[in-house]
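Biologist: I'd like to understand how the labels on a model like this come about. Can we go through some of them together?

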Amino acid sequence: MSFTRRQWLATAAAASTGLLSHRAPAAAVLPAAAREHRSLKITAVRITPVALPDPPILYAGGAHGPYFLRNLVEIETNAGLVGISETRGGETLTRALEAAAPSLVGQSPFAFRAFEAALMKASPAAYAGIELACLDLIGRLTGLRLCELLGGPVRDRVEFCSYLFFRYAADHPAVLDDPQLVDARGRGENALDPWGEVLTPEAMAEMAWQFRQKWGFRFHKLKAGVLTPEAEIETLQAMNARFGGVEPLRIDPNACWSVDTAVRVADRLRDLPLDYYEDPVSGQEAMGEVRRRTGLKMSTNMCVTRMSHLPDAVRHQPVDIVLADHHSFGGLTTCQALGTFADAMGWSLSQHSNNHAGVTMAAMIHLGAVVPQLTYASDTHYVWLPEGHDLIVGPNLPIKDGHMRVPDGPGLGVDLDPAKVAVAHERYLRSGMRRRIDAEKMLRFDPNWKRPRY
């Protein structure tokens with residue numbers, strides 16, 4: 001049977017009319033799971049400031065301790081699911097998060113990008129905390145790991161370096177007599193940790209070796225800017241001797257040197273297996289000058305810490321490696337964008353760290369797993385948080401052979417332990433600490449201390 005053109009058009013029109021007349025509403029043809037996802041709403045946002053034990057580790061800006069501060073974020077939904085995150089501490093950020101919380105209620109956690117503009121004005125760390133909690137929530141809802149939500153892992157094991165600080169002993173009188181100390185730590189076996197005083201090149205080389213034995217780190221970063229530049233060169237040399245001259249070293253004086261000092265030190269570092277030279281001087285122009293004069297690989301977590309810093313970095317060419325920090329840049333997805341920009345610039349990435357607990361540790365592992373350009377071993381302070389003092393269910397996340405595996409569970413793959421959180425929040429309330437005061441803490445150890453400048 002053959003059809004004329006007119007007959008064919010008439011038949012097609014009739015069929016089309018029939019189909020249209022029987023079409024179900026769009027929402028009805030969605031799978032049940034998709035309909036549930038579309039109806040998901042935030043019902044509450046809870047912010048909990050906490051204080052966690054911090055040993056008296058040193059850097060150019062002073063001394064840590066006796067606690068470091070963090071803000072925990074929990075986002076509740078009408079499905080009964082809760083997403084969690086951990087972001088930077090301090091009362092200013094606590095208030096910013098608390099002020100933003102009511103505006104998130106009733107919103108979809110899938111729409112976390114819509115929260116970015118307002119939260120970034122308060123602080124990139126505020127947005128990073130909300131974004132991460134939303135991503136964790138979406139992961140729990142879908143059963144996917146956070147790294148899978150972000151495009152899938154390019155590696156399942158993420159490498160970290162030993163992050164080595166000069167320090168006083170955990171039972172130093174200035175620690176135990178601190179009026180903000182409210183826990184039961186004491187002397188000897190009752191001290192916060194067993195590392196003791198580390199204020200000489202030999203002591204640092206020994207601690208670096210012990211970190212290597214305990215956690216298997218293959219890369220070693222010295223937090224400098226504490227002793228004289230000459231003593232810190234001797235420290236790297238002692239570490240290098242202890243490692244047989246084969247394990248990569250890094251040095252970070254937190255920009256307390258002049259350009260001439262940085263160039264002079266660089267000449268002394270050429271015989272060492274230097275992985276990179278981090279922030280010896282302040283600012284992109286000075287960093288660019290040191291990079292040109294020395295030819296060394298330069299890294300930063302000080303002069304490129306926001307996406308808005310990138311145009312100047314194109315002009316000044318200050319670095320080869322950027323230490324991404326999702327709290328500074330404003331979220332994990334922004335750090336992924338940073339990776340794409342790094343490709344265009346010929347940069348590589350690592351990760352910056354400041355004191356943190358296991359929720360941030362998990363986030364850093366997931367980020368390290370999904371960013372192809374993140375090829376340098378990342379920093380982490382996690383080793384300075386004594387076992388048993390984390391906020392997550394179970395023991396501290398393991399470090400083996402210098403690597404950490406992506407957690408297996410959905411979302412971040414870790415859960416907050418309510419009892420541990422309650423203790424840490426009570427410690428925050430009782431200690432009276434509301435911000436970092438590292439310079440003031442340093443004056444308790446040395447009343448004549450001033451921020452170094454060489």
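Biologist: Which residues line the largest cavity?

Modeller: This is a predicted model, just so you know. The lining of its largest cavity is made up of Asp54, Pro55, Pro56, His64, Gly65, Pro66, Ala174, Val175, Asp178, Lys441, Arg444 and Phe445. Helices H8 and H18 are the elements that give two or more residues to that lining, and H18 gives the most, with three.

Biologist: What makes a residue count as lining?

Modeller: A lining residue has an atom within 4 Å of a grid point of the space. Pro55 and Pro56 are on the list for the largest cavity, so they pass that test.

Biologist: How much space lies in the largest cavity, and how much in the largest pocket?

Modeller: The largest cavity holds about 70 Å³, and the search of the whole structure finds one cavity of 30 Å³ or more. For the largest pocket, the figure is about 880 Å³. That pocket has 47 lining residues, and the closest to its centre are Arg88, His352, Asn354, Asn355 and Arg436.

Biologist: Why is Arg167 called buried?

Modeller: Buried means under 20% relative accessible area. Arg167 has 0%, so it counts as buried. You'll find Arg167 in the loop between strand E7 and helix H8.

Biologist: What makes the pair of Arg167 and Gly196 a polar contact?

Modeller: The cut-off is 3.5 Å between N or O atoms, with one able to donate a hydrogen and the other to accept it. A polar atom of the Arg167 side chain lies 3.1 Å from the backbone oxygen of Gly196, so the distance is within the cut-off. Leaving aside neighbours within four places in sequence, Arg167 also touches other residues, including Pro55, Pro56 and Trp384.

Biologist: How do you know that E7 and E8 pair?

Modeller: Pairing takes at least two bridges. E7 and E8 have four, so they pair, and they do so in the parallel sense.

Biologist: Which residues of E8 are buried on each side?

Modeller: His220 and Leu222 are buried on one side, Lys221 and Lys223 on the other. That's how we know both faces of E8 are covered.

Terms used: Residues numbered from 1 in each chain as written. Predicted model: local features only at pLDDT ≥ 70, side-chain atom pairs only at ≥ 80, totals over all residues. Heavy atoms only, no water. Buried < 20%, exposed > 50% of the residue type's maximum accessible area, 1.4 Å probe, protein only. Contact = heavy atoms within 4.5 Å. 1 Å grid on protein atoms, 1.4 Å probe; cavity = no way out; pocket = protein on both sides within 12 Å on 5 of 7 lines; lining within 4 Å. Points joined across faces, edges and corners; volume = space filled by probe spheres on them.
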